[in-house]
Amino acid sequence: MEGIGRLGIRYWELKRPTGVFAENILSYQEPLLGFGLKKGVTQDMGGWVVKTNLLGFREKEFAFEKPENEIRIVLIGGSTVFGWGVNEVDTIPYLLQSKIKNLSGKNIRVINAGVPWYASWHEAALVFFKILDMDPDWIISLDALNDTAQGIAPTWEPVKQGYLDPPTKLALKRLYTDVSQRSFLSTLLTYSKTYTYFSAKLKAKEEVNVGVYHPELWDQYVTLKERIQALAGARGIRFTTFFQPVIVTGKKLTSQEGMNNETNMKIPSFAETFRTSYLSGEAKALSSTRLRLFSLKEAFSEVEETIYIDGQHYNRKGNEILAEKIYQLEIVPNLSKIILMNSPKT
């Protein structure tokens with residue numbers, strides 16, 4: 001029964017970045033960040049492969065210290081930047097790197113710093129405690145989905161009050177629960193991955209599936225983005241934010257997209273709460289006079305073919321469209337300025 005249960009878990013969780021299966025590539029031993037990618041792993045995810053370097057990025061190995069002749073662009077975000085469901089060559093950072101190579105003969109490196117389930121508060125910690133020390137020339141964030149999804153949990157509170165999203169709480173509980181006060185049977189059951197999976201899933205359903213709109217979520221989002229931009233700007237680093245498209249807005253879905261939707265947005269009431277929060281966040285972010293921000297909400301509005309592979313992540317076609325949008329909106333008009341700023345002074 002345990003063997004059958006584990007096979008079932010593998011099947012159900014194969015495409016879910018918040019699921020147990022993703023713990024094969026996630027580490028909860030990241031000081032100041034809460035969690036991140038495991039370092040130096042190769043993991044077959046069932047049709048696509050994840051390889052991480054020794055710095056904890058879905059990248060080939062590179063020096064933490066930036067070489068003198070390198071211009072460094074870092075993309076931050078959640079599983080869409082990371083490239084959930086696709087191989088490395090089909091991710092947004094990889095595709096963007098390919099486009100930039102055709103634009104300039106300079107040594108420009110695009111780094112994929114996306115981590116599944118990261119929201120703006122995780123990104124802020126990543127920038128403050130890791131990326132700034134990598135001396136980037138440009139930081140680009142693509143997000144909004146995870147902020148919306150985590151921010152409509154009934155128990156959501158601002159980060160300054162110690163918020164942890166429900167999946168992280170459940171993962172930590174599975175990893176660190178003190179078993180000394182539990183009965184022998186309950187202790188024994190925790191060794192069963194099938195038992196812990198379904199137990200956690202039921203609790204997650206109670207905490208997440210209701211959906212509550214917290215307007216203060218987007219005040220926090222804008223504040224964090226403005227702080228990142230201010231700190232980066234003070235160091236001569238360009239910072240740009242892109243508000244990513246989501247399945248409940250901006251696209252007429254194909255039958256395949258509807259059939260493969262594995263998110264709570266299949267539930268009409270939840271989808272409406274999600275849409276309300278997302279659109280409110282977009283309006284709030286665009287109203288900021290300080291942020292360099294673009295909304296990609298309508299990026300797929302005229303695309304008739306399948307883009308969403310599971311209700312939230314994009315296939316190669318979707319990633320190509322977003323890479324092209326980022327390229328045209330920001331890279332083409334501004335890369336020469338970045339190159340000039342970083343040219344050796346004579």
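Select Lys66 and Asp135: the two form a salt bridge, with the closest N and O atoms 3.5 Å apart. This is a predicted model. The pair links distant parts of the chain, 69 residues apart: Lys66 sits in the loop between strand E4 (49–51) and E5, and Asp135 in the loop between helix H4 (120–131) and E7. Lys66 has 18% relative accessibility and therefore counts as buried, the cut-off being under 20%. Asp135, at 42%, counts as partly exposed.

Asp137 is buried, as is Lys66.

Next, go to Lys225 and Glu123, whose side chains meet in a salt bridge (3.0 Å, N to O). Lys225 belongs to helix H9 (residues 216–234) and Glu123 to helix H4, so the pair connects parts 102 residues apart in sequence. Both residues are buried. The structure holds 18 salt bridges.

Now show the strands. Five of them make an open sheet in the order E6-E5-E7-E8-E9, with parallel pairing. The edge strands are E6 (107–112) and E9, each pairing on one side only. Neighbouring strands in this sheet are turned by 20 degrees against each other on average, direction ignored.

Strand E5 (residues 70–77) pairs with E6 in the parallel sense over 6 bridges, and Ile71 stands opposite Ile108 in E6. Then select helix H12 (residues 316–341), which packs on the sheet and touches E5, E6, E7, E8 and E9. The direction of H12 makes about 165 degrees with that of E7.

Finish on strand E8. Is E8 enclosed or open to the outside? Of its 6 residues (238–243), 6 are buried, so E8 is largely enclosed by the rest of the structure. In a regular strand, side chains alternate between the two faces of the sheet. On E8, Arg238, Thr240 and Phe242 point one way, while Phe239, Thr241 and Phe243 point the other way.

For the partners of E8, select strand E7 (residues 138–143), which runs parallel to E8 and is joined to it by 6 bridges; here Trp138 stands opposite Arg238. Strand E9 (residues 293–295) pairs with E8 in the parallel sense over 3 bridges, and Phe294 in E9 is the bridge partner of Phe242.

How values were computed: Residues are numbered from 1 along each chain as its sequence is written. This is a predicted model: local features need pLDDT of at least 70, side-chain atom pairs count only at pLDDT 80 or more; totals for chains, interfaces and linings use all residues. Side-chain values use heavy atoms; hydrogens and water are left out. Buried means under 20% relative accessible area, exposed over 50%, partly exposed in between (1.4 Å probe, protein chains only). Helices (H or I, at least four residues) and strands (E, at least two) are DSSP runs, numbered from the N terminus. Two strands pair if DSSP finds at least two bridges between them. Axes are lines fitted to C-alpha atoms, for helices over the stretch in contact, and angles run from 0 to 180 degrees between N-to-C directions. Contact means heavy atoms within 4.5 Å. A salt bridge is a side-chain nitrogen of Lys or Arg within 4 Å of a carboxyl oxygen of Asp or Glu.
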